[in-house]
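Dear colleague,

I am passing on the structure that we discussed, and I would be grateful if you could look through it with the notes that follow.

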Amino acid sequence: MTLSGDRCGGAGLAGLGAVLLWWATGIDQGPGLIGLSPRTMPIGLSLIVIAVGFVVAVRGGGPSLSEIGRRLSLRVAAFAGLLAVYFLTFPSVDFRVGAWAFMLAAMALLGARRPLELALVPPAVALCIYAVFRLGFGVFLPVWT
C-alpha cells in the first residue's frame, strides 16, 4: 500500500469527520425532547464524512506525494495563508474592510493587474455582499461602531 494524495486526503477527511462527530456529541439535546434531537443531523453528517474519507483512503490512487509537492506552487500556499488570516481575523475586523482587503490581496495574488479593476471590484463586491446579508437576510456581520 503506497502513500498517495488520495490516501492522505481520505485519511484527513476521516479525521475531520471524527472531530466533527466529537463536537456533535456535545450538542445539548434539550429537556424532554421526543424523537430526533438537535444533534441527530450533525452526527449523521459527520458519520457520512468519516465513511467517505475511509473509502477514499482505502481506494487510494491519485498522484504521489512527491508529485503533489512539485505541483504545489508558492502562489497556492500564499492563497491558503491568506484564507487562514481572513478566517482568523473575521470576528474582529469590520466585514466591509476585511472582505475588501481579502479580495484585493487575492486578486493581486492570482494575477489581476489592471488598476481600475483592482480599485473598483473589491469594494463593490464587499459592499454588495454586506448589503445582501444585512438587508436581504437580516444577518449581522462584524462591523466597527
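S46 touches G17, L20 and L21, where touching, like every contact below, means heavy atoms within 4.5 Å, and where residues up to four places away in sequence are not counted. S46 lies in helix α2, residues 40–59, with helices (H or I, at least four residues) taken as DSSP runs and numbered from the N terminus. With a relative accessible area of 1%, S46 is buried, a word that stands for under 20% relative accessible area, while exposed stands for over 50% and partly exposed for what is in between, using a 1.4 Å probe and protein chains only. From S46 to I27 the separation is 19 residues in sequence and 13 Å in space, C-alpha to C-alpha.

Before going further, please note that this is a predicted model, in which local features need pLDDT of at least 70 and side-chain atom pairs count only at pLDDT 80 or more, whereas totals for chains, interfaces and linings use all residues. Residues are numbered from 1 along each chain as its sequence is written, and side-chain values use heavy atoms, with hydrogens and water left out.

Turning to the helix pairs, α1 (residues 5–25) packs against α2 at an angle of about 165°, their axes being 7 Å apart; the axes are lines fitted to C-alpha atoms, for helices over the stretch in contact, and the angles run from 0 to 180 degrees between N-to-C directions. That angle makes α1 roughly antiparallel to α2, given that angles under 35 degrees count as roughly parallel, over 145 as roughly antiparallel, 65 to 115 as roughly perpendicular and the rest as oblique.

Helix α4 (residues 74–89) and α5 pack at about 180°, with axes 11 Å apart, which makes α4 roughly antiparallel to α5. On the α4 side the contact is made by R75, A78, F79, L82, L83 and Y86, and on the α5 side by F95, G98, A99, F102, A105, A106 and L109. By class these are 11 nonpolar, 1 polar and 1 charged.

Helix α5 (residues 95–109) also packs with α6 (residues 115–136), at about 140° and with axes 8 Å apart, so that α5 is oblique to α6. Their crossing is right-handed, and the residues in contact include F95, R96 and W100 of α5 and E117, P122 and Y130 of α6. This contact divides into 16 nonpolar, no polar and 2 charged residues.

The count of salt bridges comes to 1, a salt bridge being a side-chain nitrogen of Lys or Arg within 4 Å of a carboxyl oxygen of Asp or Glu. R96 forms a salt bridge with D94, the closest N and O atoms being 2.9 Å apart; R96 is partly exposed at 28% relative accessible area, whereas D94 is buried at 5%.

Lastly, P142, in the segment after α6, touches F90, P91, V93, D94 and F95, again leaving out residues up to four places away in sequence.

Definitions and conventions. Helix = DSSP H or I, 4+ residues; strand = E, 2+ residues; numbered from the N terminus. Left-handed = near helix turned anticlockwise from the far one by under 90°. Nonpolar A, V, L, I, M, F, W, Y, C, P; charged D, E, K, R; others polar.
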